[in-house]
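Here is a set of questions and answers on one protein model. Please keep the structure open while reading.

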Amino acid sequence: MDNHDGVKPNAISSEDAKKAPVAELLKKLASSEKGISDSEAKDRLKAYGYNEISEKKVSPLVKFLRYFWGPIPWMIEIAALLSAVVRHWPDLIIVLLLLVFNGVVGFWQEFQAGNAVEQLKKGLALKARVLRDQKWQELDSRELVPGDVVRLRLGDVIPADIKLMDGDYLSVDQSALTGESLPVSKKTGDIAYSGSVAKQGEMAGLVTATGMDTFFGHTAKLVSAARSVSHFQKAVLTIGDFLIYICIALVSVLILVGLYRHLPLIELAQFALILTIASIPVAMPAVLSVTMAVGALALSKLKAIVSRLESIEEIAGISVLCSDKTGTLTRNRLTLGEPVTFAAADSQELILAATLASRLENQDAIDLAVFQGLKEKSVLNSYQQQKFIPFDPVAKRTEATVTETDGKTFRVTKGAPQVIFEMCDMDINANAEAEQTVNDFAAKGYRTLGVARTNGNGQWTFLGILPMYDPPRDDAAETIAMAKTHGIEVKMVTGDNTAIARETAGVLGLGQNILPADDLIGKGAGNLLDAETAKRVEKADGYAQVFPEHKYQIVKALQSRDLLVGMTGDGVNDSPALKQADVGIAVSGATDAARAAADLVLTKPGLNVIIQAIEEARRIFERMNAYAIYRITETIRIMIFMVLAMLVYNFYPMTAIMIILLALLNDLPIMTIAKDNTWLDPNPVRWDMHRVLTIAGVLGGIGVIETFALLIIAKSWFGLGLAELQTVIFLKLAVAGHMTLFVARTRHSFTTRPYPAPILLAAIAGTQVLAALIAAFGWFVTPIPWSYIGLIWAYCIVWIFIEDAIKLAVYRHIERTGPRHRRFLDLLKGSMHAHQK
């Protein structure tokens, strides 16, 4: 929290705010029911600080120094110390360079990733409706100060401690603060605490405390949330551990053989350490973080903000997308159809009554559509709204008390037609006609509003029916077709009745198997779903008459069928479903509570944004997959070859300094893989360890064979001495390593699209030129002729085609045997499960 040194003026304790009447608090805070001015708010902001919870920041210097503490840095530091002891100064310089390089790269990538996340979080900043300079305006919640007057309504996260002072009631969920499972009803004079969520109603209130001075700020233990590591990260980190164990085993063999052959102990230890450092995935954390961060920034440009970087993997694996109809599949721009009048003199009188039962400042879609249908807006100047009861899911209507210029007072209401019918004294024929009208409109996909007004006796008179239609988005049908080509099944979720849902589904090209949620899974959120019900949920093309608790059950049912589920939502009651879904998606215009629960937050309406986000997530996944294959391949290639050459020929095939240079040359271009062009998998992707280890094992084995073959050719046929031989092997591993990256980065031939990104090509070309110059001019190595350098290049180019051909054959074999392999694993899991029972 950005507090200044001055004393906070008129600070009010939470106990005083709770007990004191509103008038006394207004006086203490030098405020009024009309709020404060902008200039006064700025002065108070300087004194109180921003309305946010203070966060313990770690010094950048401390973060940087952490990269020199841990198992990998310790090994590098010990290697540097041993190089100094044996006075191998060039080795010492290069080892220290590697140490600093790893520290700088790791710190810079963490810094970039952190900045990216912070920028994305700014886009998710909570908003508040504040009365400043006697005008209602929407501001970031962090700018609130004590003395501000704010308006709270359904779905809002309460932005500060607020003394309620105007309105009928507010139902608040404060379970996050108090553990109470049921919402608490608040009235004028009560305190609504920061961090709780408005469930029903609408009230205005006075901000009494902000930031660390709130009830939440005083009581909550502020610890950094322990974010779960995704399945993909766990898999890659498991690979890292696996590679380290291989390195340790092979280095142990190397040391034992070296001791048996009476090699100098310190030099042997130094070489073993450096070989281990070069082989283990030193760059893995940096590559992971930068790939995720770059991907998140790319998603944000598509108007899709990832709230957790780790959720990108789940987005890539979505196989079923449950999409809200309104706003995602349709325009969410309700347009007024032709009104049907009953007691109203004409359609404009009917629309006027509906407008008076609205509150425009709330920017409600239905209210705006009604207002747009009123031709003479000036007629509203003759009426004064005295009291307004907003819509809530229980009452299903709005109501307003209105006074005309002559002092006459009446009430107007609009809402669900069936609710309005019951309120009015209608004869049987009128009631039947009204219900038939509603049914006729419903069959065409129209929503309807009933409108009523009180007469002189205070009795409700039914004025008529307003039809509204939310047309499908122009791109919806095309996007759904695109989703199908990506292996994603789109299921429509709507609160509308089955007739409207089927009408919309027909226009969009979805299936007609639309099932009412009540018939499908029952009304209660706690109902257990049997296997038969889950099958019905999976087969359905969509669900109608859905309440928020149904969404949770739909997600659970689909997940029980081993599907990765994406679920869209916008309301506070959607939070459980968004949390339960593999990917919770808060659509454009969602409440703060829904956005807080979601993995993906959309800032632009439409299904197209979600499909684009899934495509981008799959590309990110492919980049990570390519990195994993490349990293395992290189470790197998270097470690097994080095140990094998030592056992066979009894000499080091590369010097310690060459190994360090090779590690640097390999790690530099891999950083750019985060921006590589990738193949877009047409199906949902999941981590396949069997495939990754098989491909990497085969490519690594080929690498050992081709390197050993070159060693034999250079030693036996060309008769090179040890020093030159070591330079030849160094250059070969540097060239072949990057060529292997071309092979590993795609499941298809490396000569076909998508070609490597220019930034990756530039990085590889730069390191290749550098490796050739090192070999030619003898920087830290024994120089070799340019003719040898050319021959090594030609040798590696021939082998890259052999590697690629074998890779394609292995992929074909995996595709053929994959189903059998998966069935075997399923049977194995089943037998283990039965044994546990």
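Predicted model: local features only at pLDDT ≥ 70, side-chain atom pairs only at ≥ 80, totals over all residues.

Residues are numbered from 1 along each chain as its sequence is written, and side-chain values use heavy atoms, with hydrogens and water left out.

Q: How many helices and strands does the protein have?
A: Helices (H or I, at least four residues) and strands (E, at least two) are DSSP runs, numbered from the N terminus. On that basis the protein has 30 helices and 22 strands.

Q: What percentage of the residues of the protein count as buried?
A: Buried means under 20% relative accessible area, exposed over 50%, and partly exposed in between (1.4 Å probe, protein chains only). The protein has 837 residues, and the buried share is 52%.

Q: Are the rings of Y649 and F708 stacked or edge-to-face?
A: Rings of Phe, Tyr and Trp (its six-membered ring) pair if their centres lie within 6.5 Å; planes under 30 degrees apart count as stacked, over 60 as edge-to-face and the rest as tilted. A search of the whole structure finds 15 aromatic pairs. In this one the centres are 6.2 Å apart and the planes are at 25°, so Y649 and F708 are stacked.

Q: Which helices does the pair of Y649 and F708 tie together?
A: The pair joins parts 59 residues apart in sequence. Y649 is partly exposed at 23% relative accessibility, whereas F708 is buried at 15%. Y649 lies in α25 (residues 607-649) and F708 in α27 (residues 689-717), so the helices tied together are α25 and α27.

Q: Are the rings of F777 and W786 stacked or edge-to-face?
A: F777 is exposed, at 51% relative accessibility. Its ring centre is 6.4 Å from that of W786 and the planes are at 80°, so the pair is edge-to-face.

Q: Which residue lies over the face of Y50?
A: A charge sits over a ring if NZ of Lys or CZ of Arg is within 6 Å of the ring centre and within 35 degrees of the ring normal. K377 has its charged end over F371, 5.2 Å from the ring centre. For Y50, at 3.8 Å from the ring centre, the residue is R142.

Q: Are α28 and α29 roughly parallel or roughly antiparallel?
A: Axes are lines fitted to C-alpha atoms, for helices over the stretch in contact (heavy atoms within 4.5 Å), and angles run from 0 to 180 degrees between N-to-C directions. Under 35 degrees counts as roughly parallel, over 145 as roughly antiparallel, 65 to 115 as roughly perpendicular and the rest as oblique. Helix α28 (residues 722-744) and helix α29 (residues 758-777) pack at about 170°, with axes 10 Å apart. They are therefore roughly antiparallel.

Q: Is the peptide bond from R753 to P754 cis or trans?
A: P754 lies in the loop between α28 and α29. Most peptide bonds are trans. Omega from R753 to P754 is near 0°, and the bond is cis.

Q: What is the phi of D133?
A: D133 lies in the loop between β1 (127-132) and β2 (135-140). Most residues other than glycine have a negative phi. D133 is not a glycine, yet its phi is positive, at about 55°.
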